[in-house]
Amino acid sequence: MRGLLLHAFILLVTLAACGCASAPLSLHVVGEPAATKADAHPLDGARGSLVALVFISHECPIANAMMPEIVAIADEAKARGIAFYAVHPARWPTDDALAAHARDFALEGHIAVLADRSQELTHRVGATVTPEAALLRLDGRGGFERLYLGRVNDLYAAIGRRRAGATSNDLLDAMRAASEGRAIASPQPKAVGCFIE
Amino acid sequence: MFPRAAAILAVTAGACIARADGDAAARVFTRHCLPCHGTNGSAPLVLDSAERIVRNRKLASMLVEDGTMPPSIALPSADGLVVDRRLSSEDRATLLAALGAGAAHAFDAVKPNADDRAMRASDAIAPARAWTMPASGGARVRTFLAPNASAVRVRGVRAADPGARAQLPIRMMFLAADPRGTMRVLDAGDEGGFEAMGNVGLVPSGALGALSIVRPSFELPPGFCFEVPAGDIAIETIGEPLGRAARVLPRVAWIAAGSDDTRPVHALAIPAKSLLLRADTCSTIELTHAARADIDVVAVIVKGGAFLRSAEIDVRNDTASTRLLTVPDYRMAFAEPWVFTRAQRVTAGSTIVARLGFDNTADNPQQPSRPPQDVEGGLPPLGEDAMVVVLYADAANSR
């Protein structure tokens, strides 16, 4: 009990000293063998660099339906020098299930997939549903300015209302604007999908 | 002493009430949600355990609260023609309270039900070859041919294994008999099926019933049957990509008719001909069919795509108009064959009138083009074919 209290005290002191924005994140890369599994640090880039995150769920049909579009956006992000991550904000799925999902939906080789089991990154960014996209400009100290938070595109207008194809590519537009120094359109459209629990 | 005993009693009573509420929530969930969201159900989201329900509770609460779930897009008529799948206000309150509390124990009684729909492969009517649906794009129509070994009299049809991986992209299926094998010439590619609707000559797809995610089992009212000949069964499917390439293989099974189910059901098609939906306009078309003899209507199937937004089916004669079906907010994802709770007599000389509302403006949430384009008759995702299929029995056969 005393040990637990001591750990809690140390944690509180650490958080107070670092501030939420620079607290280390507990994330790991999906799909790597356990022996070489690396911690991921998507917020550790250089000052001014751009990072795109798409929060996904292996169980959410809407998130899954958008995977081909998300892969295509990730490819363009790479060409523009924007780091791109897919983030599972889920506590329960096994690493094997997430790795199988990445294989199934052809994410390998296109997108770094992260498991945010503590949901710390998810909460810091403010994501509440999957799929939901965020575009961040890093401050070089582990913090960021959030430039965009909203839907990936308008493939789904609502649950059960799917278009033949997206007619509005909101994340892509935001990435292009940010990387070209233009203002990002507002209001930023809300994401439609499965709630992050 | 007394206050302590009272406190224990109060806590115990509270637990009992919570448990009773929980049991009630589990019962509501099992009756209204689990048939589709079970382990091998037709819904894309599996909610077959307390843990899965609780971790999707916000989504479930939102959809139950706004009436999206359980899906029931046809309004029940005043005299209860269509089964109303919507929750009673009491059941809705019970479910929302348990979901809001987020206590897994409230749904402890919900158990995986993998075996509910399990069946032997030999019982299924299935095409020989599957088709691979691409990972992305809009809804796709594809018709498969499956052999039916011998003539049978059936009460209905059901998806053999709606939760199977090869069934997941399928949103709807429409069946028709092709006893002479006239469509086989179309089914000659390397993959199973062909990109066309499943009408067999003048017989519309749906003449032997239809299935959907919302209604994975289709049953005629008691007393009625389909007489299914031996030969090919055309299974027209409408599917939506899952985000990954997916093997599609529709498998169905007949529901046997009872000895009293003797009135054969036929189909009449009321198609929208030469459909043209101008860009940036909403339009309503009226389709009619004049009954030449007395018939008993048992079910109606409304077929449409992204542009169809509403449907109203009436029966009119010189003196009156009777509403058979109202679908004020048509969504293909939640469409189903509407089976009437009792057959509706349409007398000779009456007219069946179907009014279909279309929206080809930017306000249509499923509008596939930006800006909207003129749309002509054709297969989805960019064309629109609309048809009303009426399933009926000759009144002369009534008892």
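Tutor: The radius of gyration is taken over C-alpha atoms, and the globule rule is 2.2 Å times the number of residues to the power 0.38. This is a predicted model, in which local features need pLDDT of at least 70 and side-chain atom pairs count only at pLDDT 80 or more, while totals for chains, interfaces and linings use all residues. Residues are numbered from 1 along each chain as its sequence is written, and chains are lettered from A and ligands numbered from 1 in the order in which they are written.

Let us begin with chain B as a whole. For its 399 residues the rule gives a radius of gyration near 21 Å for a compact globule, and the 23 Å of chain B agrees with this. Its C-alpha trace spans about 85 × 55 × 55 Å along the principal axes. Of the 399 residues in chain B, 48% are buried; that is, 20 or more other C-beta atoms, placed from the backbone, lie within 10 Å of their own, whereas exposed means 12 or fewer and partly exposed means in between. Among the contacts of chain B with a separation of 6 or more, 83% join residues 24 or more positions apart. A contact here means that two C-beta atoms, placed from the backbone, lie within 7 Å.

Chain B has five helices and 21 strands, counted as DSSP runs from the N terminus (helices are H or I with at least four residues, strands are E with at least two). Four of the strands form an open antiparallel sheet in the order 14-19-16-17. Two strands are said to pair if DSSP finds at least two bridges between them. Strand 14 (281-290) and strand 17 (321-327) of chain B are the edge strands, each pairing on one side only. From one strand to the next the twist averages 15°, an angle on a scale from 0 to 180 degrees between the N-to-C directions of axes fitted to C-alpha atoms, for helices over the stretch in contact. Within this sheet, strand 16 (residues 308-316) and strand 19 (residues 351-360) of chain B pair over eight bridges in the antiparallel sense. B:S310 stands opposite B:G357, which belongs to strand 19.

Two loops of chain B meet strands of this sheet. B:D280 lies in the loop between strand 13 (276-277) and strand 14. This residue has a positive phi of about 65° although it is not a glycine, and it counts as exposed, with 12 C-beta neighbours inside 10 Å. In the loop between strand 19 and strand 20 (375-376) lies B:P371. The peptide bond from B:R370 to B:P371 is cis, and its omega is near 0°.

Finally, consider the partner of chain B. In the contact between the chains, 25 residues of chain A meet 31 residues of chain B. Helix 2 (61-65), helix 3 (67-79), strand 8 (156-158), strand 9 (161-162) and strand 10 (194-195) of chain A each supply at least two residues of this side of chain A. By class, that side has 14 nonpolar, four polar and seven charged residues. Here Ala, Val, Leu, Ile, Met, Phe, Trp, Tyr, Cys and Pro are nonpolar, Asp, Glu, Lys and Arg are charged, and the others, Gly among them, are polar.
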